[in-house]
Amino acid sequence: MRSVLIAALVAALSGVASPAQQQRFVWHEIPGATATAVALLWQQGYDEESVPGAAAVLAECRLLRARAAVPALLASGQRVTGDATVIFGLVGGAEPAAPAAFVQARLDDEAPLAADTLALVVARAALAADDVESVYPGTTLEAAARRRLLVGAARRAPAGDAAAIAKLQPAVVRARLREPVLVGGGALGAASAAARASLAAVVWPALPAAPPGPRAPVAALAAAPSTTMPVATHPRIDGPFVAAAFVAPPPAEWPVFAVAVEILRARASRRLRLRGPEVLGRAPLVRWSWLEAEPLLLCCRRGRDGEELLPGQVAAADAAAEAGAARRELEDLLVSLRAEPPTAAEVAAAVRLLYAELSLPGGEALHQLGRLPRALPGRLQTWLLVRQRGIDVDALSLVTPAMVAATLAASVAAERAAWFALVPVARADRGWVPR
């Protein structure tokens, strides 16, 4: 029954055209808007065998050129995922030539960049990748889970291989920038006739000889996850962090899985009170993103703080014991999730949340968005990634509680969990209370 229901949902999604078949640049006008967000999406991300993370270097180079071409940008930035890179800018509505100038500068990969500039970009990207892998406990746990559970390019650290990035030479970066990559984009906000005419004159690069097809599912290792929980010491934390990692189901099941994850997130927020450092440690209770096409679902829990010991006092428990207690909290959450099937109300609430997150608003809500210029880039990035993924939010209305229950039972089964823990460096003056 589960396969039949999933097949019906996939059939509803199959009418979405691939990015290569769609118009390369699409305007979404908001009448009365005072600014325009402009973004381009390259089908190029962290997942590559040669230099995982090189996409962040290429994105920063393109962004530097665009900032130089349009110095009056109100905001700009980049977002790199496993298989895509989005670079965005926000320009005032009174500058009709700015959107086209911003797009053309990002597409001009023949424009020179000084060797010193390239070396600095490489160094910053390598440092950022190293921070993601080794400084923040949530992404440190993700890195360990990727290494144990995934194969191929997906085994990389969350932001790429810092050592490999650091070895990139300026000549290599210049050559990588000139490689043909499928790119498209869009604009959201003010859309005067002059701005549209300027954008129509932009010279787009030729399409690659063989545009990439749909992203292949990331396979798990054949061996089942071990029930043991490796415990590693982390020098930058003062309390334990624990994670349960699950390999996400195949992309065809992601519409139902996305609803299931939202229900898990809602139940976790009600059941497990945050202890404080989770946000700074990039360790939310539940992490998985349909937009990011993440191969892993990660559930994190931070343990309780230790207590200061008096001189000569012996701790009743250590950080590893507290990590075990945090694991039991996550296990209880997951057991209750499997034991208590999702209700129709929970599914409806999750679908409403996903629809609001993944679709552009209409009517008065769209006009309100136009009056919030700083919100435009985020909404535009979401739309581009939705387009890239072929996500049809209207098809979420086909998801039923039975479908979600079946997906949860299969995806977060106890035997599919891989457990990981980080503990602080042991201190003679600190211990934990057993629980």
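Modeller: In this predicted model, Val404 touches Val256, Val259, Ala260, Ile263, Pro342, Val347 and Val399, leaving aside residues up to four places away in sequence. Val404 is also among the residues with the most contacts inside the largest nonpolar core, together with Val259, Trp288 and Leu297. That core has 71 residues, and its largest share, ten residues, is supplied by helix α9, which spans residues 254-271. As a general matter, nonpolar side chains in soluble globular proteins tend to be buried together. Apart from this core there is a second, separate one of 49 residues, which includes Tyr46, Val51, Ala98 and Val132.

Helix α9 also packs against another helix. The axes of α9 and helix α11 (residues 344-358) come within 9 Å and cross at roughly 110°. Angles of 65 to 115 degrees count as roughly perpendicular, and α9 is therefore roughly perpendicular to α11. On the α9 side, the contact is made by Ala258, Val259, Glu262, Ile263, Arg267 and Arg270. From α11 come Glu346, Val347, Ala350, Val351, Leu353, Leu354 and Glu357.

The structure holds four aromatic pairs. In one of them, Phe25 and Trp204 are tilted, at 6.1 Å centre to centre and with 55° between the planes. This pair joins distant parts of the chain, since Phe25 belongs to strand β1 (residues 25-29) and Trp204 to the loop between α8 (193-200) and β6 (231-234), 179 residues apart. Phe25 has a relative accessible area of 8% and is therefore buried, whereas Trp204, at 22% relative accessibility, counts as partly exposed; the cut-off for buried is under 20%.

A further pair, Trp254 and Trp288, is edge-to-face, at 5.8 Å centre to centre and 75° between the planes. Here too distant parts of the chain are linked: Trp254 lies in helix α9, and Trp288 in the loop between β8 (286-287) and β9 (296-302), 34 residues apart. Trp254 counts as buried at 10% relative accessibility, and Trp288 counts as buried at 7%. Trp288 is one of the residues with the most contacts inside the largest core.

Two other ring arrangements complete the account. Phe25, Trp27 and Trp204 are linked into a cluster by ring pairs. Arg282 lies over the face of Tyr136, at 3.8 Å from the ring centre.

Methods:
Residues numbered from 1 in each chain as written. Predicted model: local features only at pLDDT ≥ 70, side-chain atom pairs only at ≥ 80, totals over all residues. Heavy atoms only, no water. Core = buried A, V, L, I, M, F, W, Y, C linked by side-chain atoms within 4.5 Å. Buried < 20%, exposed > 50% of the residue type's maximum accessible area, 1.4 Å probe, protein only. Helix = DSSP H or I, 4+ residues; strand = E, 2+ residues; numbered from the N terminus. Contact = heavy atoms within 4.5 Å. Phe/Tyr/Trp six-rings, centres within 6.5 Å; stacked < 30°, edge-to-face > 60°. Lys NZ or Arg CZ within 6 Å of the ring centre and 35° of its normal. Axes fitted to C-alpha atoms, helices over the stretch in contact; angles between N-to-C directions. Parallel < 35°, antiparallel > 145°, perpendicular 65-115°, else oblique.
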